[in-house]
Amino acid sequence: MTDQEVTVRRARPEDVPGIVRSSSRLFAEDGGPRDPSLNTDWPRLHGAEAFTAALRDPARLLLAALCDGEVVGHLSGSMSGPSAMRPVRSATLMALYVWPEHRRGRVGARLVEAFVEWGRREGAVHAEVTASAANGDGIRFYERERLRPQALTLRLNL
């Protein structure tokens, strides 16, 4: 597949079922295997409600990547701040997934570009994403998109 065959745009209500499927794939491929505390059924059980609410929330961004009318990837983001502790606005990339057969065609990069542009328009001072330390491919992807390590989370599973 080529980049030109995929359209990236703000999600619409009719995209929600496809975004739920995309999110389910993300949880199965990335989240569940790397974080045993993650509820991998969350997209199936709560995704439709959460993504529908995100469409109405001005502090949220939901993007769909479509090929022949089918969702083949998605990005969700949120805006936060300012606060007394951090007096700036921040754009957080919460989730990104592109179906394997559409990777390496700049679909993910186009999703990130649209997210960064949204953050700028909304007055964010920076954009951030959290990636599992075990997700080397994901980290390299985000670094290619100019995101740099800022913090490290250390965890002890009890």
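Colleague: Where is the place of D68?

Modeller: D68 lies in the loop between β2 and β3; helices (H or I, at least four residues) and strands (E, at least two) are DSSP runs, numbered from the N terminus. Bear in mind that this is a predicted model: local features need pLDDT of at least 70, side-chain atom pairs count only at pLDDT 80 or more, and totals for chains, interfaces and linings use all residues. Residues are numbered from 1 along each chain as its sequence is written, and side-chain values use heavy atoms, with hydrogens and water left out.

Colleague: Why does D68 count as exposed?

Modeller: Its relative accessibility is 78%, and exposed means over 50%, buried under 20%, partly exposed in between (1.4 Å probe, protein chains only). So D68 counts as exposed.

Colleague: What is the phi of D68?

Modeller: Near 50 degrees, a positive value in a residue other than glycine. Most residues other than glycine have a negative phi. R146, in the segment after α4, also has a positive phi, near 80 degrees.

Colleague: And why does H74 count as buried?

Modeller: H74 is in strand β3, and at 1% relative accessibility it counts as buried.

Colleague: What makes a polar contact with the side chain of H74?

Modeller: The side chain of S22, at 2.7 Å. A polar contact is a pair of N or O atoms within 3.5 Å; within protein, one must be able to donate a hydrogen and the other to accept it, and residues adjacent in sequence count only if both atoms are side-chain atoms. So the 2.7 Å pair of H74 and S22 qualifies.

Colleague: How do you know that β1 and β2 pair?

Modeller: Two strands pair if DSSP finds at least two bridges between them. β1 and β2 (residues 60–67) have 5 bridges, in the antiparallel sense, so they pair. T7 stands opposite L66 in β2.

Colleague: Which strands are the edges of the open sheet?

Modeller: The sheet's order is β1-β2-β3-β4-β5, with mixed pairing. β1 (6–10) and β5 (124–129) are the edge strands, because each pairs on one side only.

Colleague: What makes a nonpolar core?

Modeller: A set of buried Ala, Val, Leu, Ile, Met, Phe, Trp, Tyr and Cys residues joined through side-chain atoms within 4.5 Å. The largest has 26 residues, and A65, L75 and F115 are among those touching the most other members. β4 gives the most to this core, with 6 residues. A second, separate core of 9 residues includes V16 and F51.
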